[in-house]
There are 2 protein chains.
Amino acid sequence: MDTGFDHEKHGCYDVFSRDCPPRAVLELIAGKWTMLALVALADGRAMRFNELRRRLDGVTQKMLTQTLRALEREGLLTRTVYPTVPPRVEYRLTALGGEIAKLVTRIAAWSTASIDEIRAARAAYDQRLHHTPRPLSA
Amino acid sequence: MDTGFDHEKHGCYDVFSRDCPPRAVLELIAGKWTMLALVALADGRAMRFNELRRRLDGVTQKMLTQTLRALEREGLLTRTVYPTVPPRVEYRLTALGGEIAKLVTRIAAWSTASIDEIRAARAAYDQRLHHTPRPLSA
DNA sequence: CAGTATCCTCCAAGATACTG
DNA sequence: CAGTATCTTGGAGGATACTG
């Protein structure tokens, strides 16, 4: 039923709501390879497909294509095909993509900077519940 | 066999490498509910379990517990149990968690601020390829 | 209220093969 | 080089029932 309130019209979103468009964007960014791709391109340099493929250790062709297509569709990067032989395709962040890439890069930097503290927290946590699940009724 | 190079010792990480610990942290943050939980707690206020549950529209008990436990383990939030009846459990960001929550909140804000531009990009993209749009995300 | 404990579904992600 | 096109699968995520 129609609530009589058009969120799109009012530009008023609750990111916690299940059908909030910005939340969908958040979920896109949360894709397994999305953040790494954004970080790789964050400096504004154009990169070729296999260049990205090599940089994102472990990514498959399919997943990289899928990730890049999704980012292109959202307007975060451009895909330029040069009709040469062999083909040459370059990916480059748009202005919009550059903004989000900067933020994601800061998160990546934070991860690296905080990794020691995080590892310590993990160790402490794992030690607190050190008792292996007791075979209570097994 | 020791490779002779201890990354942990040197504090030298490549976030693109497949067994880079910071990359694992990045993947934690990329969890479906992690960013939303961080944003919900970003203001530093403590929140109770069901309070978070209501806020994160669509989350199940299992997923919320799992998300919060993971964040607790990484040292991003604390879980405080008050031995009352009925039980009362409060979740609150740590200083470390506050840092990342601020960054994630900025990403959420960016999503909301950019949604119109993104929607326009999507429409343009879908029109360029004159066949059925890919159902990557609604 | 704030969880466990199970069971199950589904699709993101991977593997593999082929191509302009 | 930079992709499609299929097929397959692990496990993230969900549904449901029970509990201190």
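Biologist: How many salt bridges does the structure hold over all chains?

Modeller: Over all chains, the structure holds 18 salt bridges. A salt bridge here is a side-chain nitrogen of Lys or Arg within 4 Å of a carboxyl oxygen of Asp or Glu. This is a predicted model, in which local features need pLDDT of at least 70 and side-chain atom pairs count only at pLDDT 80 or more, while totals for chains, interfaces and linings use all residues. Residues are numbered from 1 along each chain as its sequence is written, chains are lettered from A and ligands numbered from 1 in the order in which they are written, and side-chain values use heavy atoms, with hydrogens and water left out.

Biologist: And how many does the rule find across the interface of chain B and chain A?

Modeller: The rule finds 8 salt bridges across that interface. Among them, Arg73(B) and Asp126(A) meet through their side chains at 2.7 Å, N to O.

Biologist: Where does the pair of Asp14(A) and Arg55(B) sit?

Modeller: Their side chains form a salt bridge at 3.9 Å, N to O. The pair crosses between chains: Asp14(A) is in the loop between helix 1 (7-10) and helix 2 (21-29) of chain A, and Arg55(B) is in helix 4 (residues 49-55) of chain B. Helices (H or I, at least four residues) and strands (E, at least two) are DSSP runs, numbered from the N terminus.

Biologist: How many residues does the contact take from chain B and chain A?

Modeller: The contact takes 55 residues from chain B and 55 residues from chain A, where contact means heavy atoms within 4.5 Å. The two chains bury about 5500 Å² between them, 65% of it on carbon and sulfur atoms. Buried area is the accessible area (1.4 Å probe) that two parts lose on being put together, summed over both.

Biologist: Which three residues supply more than any other three of the area that chain B buries?

Modeller: They are Phe16(B), Arg73(B) and Trp110(B), with 15% of the area that chain B buries against chain A.

Biologist: Why do the copies meet through the same surface?

Modeller: Of the interface residues of chain B, 96% are also interface residues in chain A, so the copies meet through the same surface.

Biologist: At what angle do helix 5 of chain A and helix 6 of chain B cross?

Modeller: The axes of helix 5 (residues 61-73) of chain A and helix 6 of chain B cross at roughly 115° and come within 8 Å. Axes are lines fitted to C-alpha atoms, for helices over the stretch in contact, and angles run from 0 to 180 degrees between N-to-C directions. Helix 5 of chain A contributes Arg69(A), Glu72(A) and Arg73(A) to the contact, and the residues from helix 6 of chain B include Tyr125(B) and Asp126(B).

Biologist: Changing topic, which peptide bond of chain A is cis?

Modeller: The bond from Val85(A) to Pro86(A) is cis, with omega near 0°. Pro86(A) lies in the loop between strand 2 (77-82) and strand 3 (88-93) of chain A. In chain B, a cis peptide bond joins Val85(B) and Pro86(B), with omega about 0°. Most peptide bonds are trans.

Biologist: Lastly, what is Leu28(B) in contact with?

Modeller: Leu28(B) is in helix 2 of chain B. Leaving aside its neighbours within four places in sequence, Leu28(B) is in contact with Thr34(B), Ala70(B), Leu71(B) and Glu74(B). The C-alpha atoms of Leu28(B) and Glu74(B) are separated by 9.5 Å, and the two residues are 46 residues apart along the chain.
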